[in-house]
Amino acid sequence: MRCLGFLTAGHHGWGSQAFFRLCAVSLCWGCTKETLEAELKNRPTARLLFSGHAHNACYGLGFTKPGGGFAPLPTDEVAALLGQYSTSKGGKLHLVMLNACKTEPLGDRLRAAGVAYVICWRTPTHDKAARLFASTFFKACAAAAMAAVPAPQPQVIRAAFDEAVDAMKTSKR
């Protein structure tokens, strides 16, 4: 794993129910580019989890066409879209988890576009490992948020990331 800002890891999984109780959540199955744009515009978003497929990550993430079917969104378009909502551009988006295979090139672009924390996969990943990683990460974030004295955001993200990596290392395959 390589650190982008702090991190590199993520894949198919929606994370922890406890974490989601702490914030407003919008789940979008079969999301189109237009739906994502509307959600980002209408709802200030601090954390975004993409869980799905990357289309050779250099070429983009897999979204859905309005009538169904696979629609890759090119890497540069993803980075431009998410970057405009990043904290560095006055938005709230500070964490993006790209829970899809081989998304490191996009992770690099998102960091360059201003997203403070990006979690992505350098390699292909199995669905089970990806679900475990995302679930453990968001549970750790939820636990930190419920602490009597919450730690600073960078420490929470780093600790949650390390806990998720450890969970993958110790899980039965």
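Biologist: What makes up the contacts between residues at least 6 apart in sequence in the protein chain?

Modeller: In this predicted model, 65% of those contacts join residues at least 24 apart. A pair counts as a contact when heavy atoms lie within 4.5 Å.

Biologist: How do you know what Leu110 touches?

Modeller: The cut-off is heavy atoms within 4.5 Å. Leaving aside residues up to four places away in sequence, Leu110 touches Val78, Ala79, Leu82, Val96, Leu98, Val115 and Val118.

Biologist: Why is the group of 22 residues called a nonpolar core?

Modeller: Because such a core is a set of buried residues of kinds such as Leu and Val, joined through side-chain atoms within 4.5 Å. Leu36, Leu48, Leu82, Val96, Leu98 and Leu110 touch the most other members of this largest core.

Biologist: Which elements give two or more residues to this core?

Modeller: They are α2 (33-42), β1 (47-51), β2 (61-64), α3 (75-83), β4 (95-99) and α4 (104-112). With four residues, α3 gives the most.

Biologist: Where does the other core lie, and how many residues has it?

Modeller: That core lies apart from the largest one and has 20 residues, including Leu95, Phe138, Ala160 and Phe161.

Biologist: And what does "buried" come to for the protein chain?

Modeller: Buried means under 20% relative accessible area, and 43% of the 173 residues are buried.

Biologist: How many helices and strands are there, and in what order do the elements run?

Modeller: There are six helices and five strands. From the N terminus, the order is α-α-β-β-β-α-β-α-β-α-α.

Note on methods. Residues are numbered from 1 along each chain as its sequence is written. This is a predicted model: local features need pLDDT of at least 70, side-chain atom pairs count only at pLDDT 80 or more; totals for chains, interfaces and linings use all residues. Side-chain values use heavy atoms; hydrogens and water are left out. Buried means under 20% relative accessible area, exposed over 50%, partly exposed in between (1.4 Å probe, protein chains only).
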